[in-house]
Amino acid sequence: MNNFLNINEITQKNLKAILDDAIKIKELTLKDDFSKECYSSCLNNTITGLLFEKPSTRTRLSFEAAVLKLGGQVSNLRKDEIHLGQGETLQDTSAMFSLFLDVLVLRLYEEEKLYEFARH
């Protein structure tokens, strides 16, 4: 799956698989068996970018903690530290993200901007 933008755009089969994995991971973390399973390293050698136009401590921390627990690295992309809309188009910014990131998590004010990121 390249993009997960809207719950209505995912098949029932894929959604069930995602939820089944989430339940299994939750059960393993409660039993302290998490590190014995492949999940603790499934994001090894990956970088997940988090870009939150719309601030949210809980959402940011939940994504960051999940990526780290799965063995990945996180890059917090602050909107005031990137040039999006200030000399750099969304298309250019998307291209740069695609070059350097394996996953991009966006929390935006405008839904259309989410779909524009996905197109590029």
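Predicted model: local features only at pLDDT ≥ 70, side-chain atom pairs only at ≥ 80, totals over all residues.
Buried means under 20% relative accessible area, exposed means over 50%, and partly exposed is what falls in between (1.4 Å probe, protein chains only).

Residues are numbered from 1 along each chain as its sequence is written, and side-chain values use heavy atoms, with hydrogens and water left out.

**Stop 1: the ring pair.** Together they make up the 1 aromatic pair found in a search of the whole structure. Phe97 is in helix H3 (residues 90-100) and Phe117 in helix H4 (residues 111-119), so the pair ties together parts 20 residues apart in sequence. Helices (H or I, at least four residues) and strands (E, at least two) are DSSP runs, numbered from the N terminus.

**Stop 2: the core around it.** Now select Leu51, Leu77, Ile82, Leu90, Phe97, Leu101, Leu106, Leu108, Leu114 and Phe117: these 10 residues are the largest nonpolar core (buried Ala, Val, Leu, Ile, Met, Phe, Trp, Tyr and Cys joined through side-chain atoms within 4.5 Å). H3 and H4 are the elements that give two or more residues to this core. Zoom in on Leu51: beyond its neighbours within four places in sequence, its contacts (heavy atoms within 4.5 Å) include Leu77, Ile82, Phe97, Leu106 and Phe117.

**Stop 3: the largest pocket.** Select Phe4, Phe63, Val103, Leu104 and Val105, which lie nearest the centre of the largest pocket among its 44 lining residues. Helix H1 (12-30), strand E1 (47-52), helix H2 (57-69), H3, strand E3 (103-107) and H4 each give two or more residues to the lining.

**Stop 4: two single residues.** Pick Ala65 in helix H2, partly exposed at 35% relative accessibility. From there to Leu104 is 15 Å, C-alpha to C-alpha, across 39 residues of sequence. Finish at Asn45, in the loop between H1 and E1. Is Asn45 buried or exposed? Exposed, with a relative accessible area of 79%. Asn45 also has a positive phi of about 65° although it is not a glycine.

Definitions and conventions. Phe/Tyr/Trp six-rings, centres within 6.5 Å; stacked < 30°, edge-to-face > 60°. 1 Å grid on protein atoms, 1.4 Å probe; cavity = no way out; pocket = protein on both sides within 12 Å on 5 of 7 lines; lining within 4 Å.
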